[in-house]
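Here is a short report on a protein model.

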Amino acid sequence: MERVQFQQEQMLAELKDLVQRSLFTQKEVKQIMQKRTAFETALVRRIPKKSDFLRYATYEMSLEALRRKRVERLKLPKGPPSISDYALVRRQFQIFERALKKFKGDVGLWIQYIQVAKKEGARALVGRITARALQLHPNVPALYVLAASHELEHLSPSAARALLQRGIRLNSDSVEMWREYVKMELNFVESLRRRWSVLGIDVKGKGKDTVKAKGKHASAADSPDASGLEDEITAEPDAMDVDTAEDELGEDEAARKQIMDGAIVKAVISNAVREIPKIELFTSIHDLITTYPSPPSLRESLLDHLHALLRDTLPSLPAAIKLSATRSLVADLPGEQLVDALRHATDALAEAVRTSSGEAREGMARVYTDFIEEWCGKTADDSLKAFLITSLHLLIQQQAAPIPPALLAAHVRLLVRHHASLGSALLPSKVNSPEKILRVARKYTTRAPSRAHVWLARLDAEKQFAQPADVDSAWRSAREHVQGAGLEDVWLWGLPPQDVQQQSSALPESQSHSTPATLEDGAAIRDAVALLEVRTLRVQSHASLRKNKN
């Protein structure tokens, strides 16, 4: 309690100043003292909690916000700062310092402290906090990003670059670090472009400074005093000096052009790909470049460089092929450009499915169907939906056996989901009615009789278009034929929702995670299947009894 009393004594001067300036009443000051005493008492317990420190800091923040609002409302005359002007903010910092002595390993607490210091405009303190945090946690990319952003906000790109480079040396496998480094270099190029535009310096090096220099030489030659000076000059200008100046000017022009063309950013991207040849890095940098407000020529140049590296690094990865195919599909595209970009992406992905084989074909088919279903859900235009569904239908017809099951299941799902809104006019003639959709769904299950997702798509179609007896028959056939992944989903499909949770716990753990069934799980699976059959028969018997009563 002595530490609590010491903290109370430290509060007296600021509380007295708040009362003298009429910002708080005597009663409010007593309440503040009571709250702070309760917080301080919680902090001196044998095992303190981080939540106690955070609640205390939050209370002080709200108290400071109230003080500022009252100062603004009372319109107090400006004068020399008093202790109450900075005491509440200083107390927030002290609380965080005390918390970090107890919880040095809590990265989130360090980040909160940095954000509070930045909010209060304590620039020097932010620098000290980030330095201490990085010493204790050199492998946390978020701390380097915060420190670099702080330096950039105060117009110190060189310090920000040094911080990010240090972070990359220690965390070379962090996608976030490389993304922020690319973003910082993009910001640097954009700031240079705007600065040179204001100064009148273009990429070719012709600017105001050059014009002024030429003007000075011309005025000197045309002035009346020039003849007297020429008499004194006996030697001609050195040709070597002129050539050197021209070479330096040419080098400056070339350097400026390379910077504006994104040479620095391209070098960073190349280094990033060399360290992390993964699709996550390509996707992150692609999203950054497409959303960053750069000139269109620079954006296209950077995207060309990124996708060239993507083709060289991950030539056959389905996700990489999708990223290249959907390069032009950006947000807020006008109507015609959206249609062209969507058609190009669909054709490129369909061609990738046709030319792939083996496991790559299965993966490419899944990527293609995900793209089709994603854009059928995004767009509100029925013509675009019909185009996407028709493209999938044509691709299935062009495929040689065995057709990837992902294509079959997605086709049935899309037909069931959108046939009502599209109607028979927009859909292909072979699938433009419920009867034809059912016929196609049943044919697909004969082509992939053991695949769960094809059967689940058919079961949904049967449930929507067929008679109850046909639905039960289809479900029974699905339970007999499906093997491997998705077996549990097929068995649980027709059960009432209240029974699904009970039956999920009855299956073995390997099946509850949709992993392929093995011979080692045979006994457990047979027990679970028997239990499900009993439950299913009981449900069907109850349904028949209710039907007979009615």
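The sections below go from basis to details.

## Basis of the model

The model is predicted: local features need pLDDT of at least 70, side-chain atom pairs count only at pLDDT 80 or more, and totals for chains, interfaces and linings use all residues. Residues are numbered from 1 along each chain as its sequence is written, and side-chain values use heavy atoms, with hydrogens and water left out.

## Overall picture

The protein has 27 helices and zero strands. Both are DSSP runs numbered from the N terminus (helices H or I, at least four residues; strands E, at least two). Of the 550 residues, 41% are buried. Buried means under 20% relative accessible area, exposed means over 50%, and partly exposed lies in between (1.4 Å probe, protein chains only).

The accessible surface is about 31,200 Å² (Shrake-Rupley, 1.4 Å probe). Carbon and sulfur atoms account for 54% of that surface. Take contacts (heavy atoms within 4.5 Å) between residues at least 6 apart in sequence: 63% join residues at least 24 apart.

## Helices H7 and H8

Helix H7 spans residues 141-153 and helix H8 spans residues 157-170. Their axes come within 7 Å and cross at roughly 170°. Axes are lines fitted to C-alpha atoms over the stretch in contact, with angles from 0 to 180 degrees between N-to-C directions. H7 and H8 are therefore roughly antiparallel (over 145 degrees).

H7 contributes Tyr144, Ala147, Ala148, Glu151 and Leu152 to the contact. Residues from H8 include Pro157, Leu163, Arg166 and Leu170. The contact residues divide into 10 nonpolar, one polar and two charged. Here Ala, Val, Leu, Ile, Met, Phe, Trp, Tyr, Cys and Pro count as nonpolar, Asp, Glu, Lys and Arg as charged, and the others, Gly among them, as polar.

## Salt bridges

The whole structure holds 29 salt bridges (a side-chain nitrogen of Lys or Arg within 4 Å of a carboxyl oxygen of Asp or Glu). Arginine 21 lies in the loop between H1 and H2, aspartate 85 in H4, 64 residues apart. Arginine 21 is partly exposed at 22%, and aspartate 85 is partly exposed at 26%. A network of salt bridges links Arg21, Glu64, Arg67, Arg68, Asp85 and Glu120.

Aspartate 52 is buried at 6%. Its side chain meets arginine 45 at 3.6 Å, N to O, and arginine 55 at 2.5 Å, N to O. Arginine 55 and aspartate 52 are three residues apart in helix H3, so about one helical turn separates them. Arginine 45 is partly exposed at 37%; arginine 55 is partly exposed at 47%.

Notes:
Angles under 35 degrees count as roughly parallel, over 145 as roughly antiparallel, 65 to 115 as roughly perpendicular and the rest as oblique.
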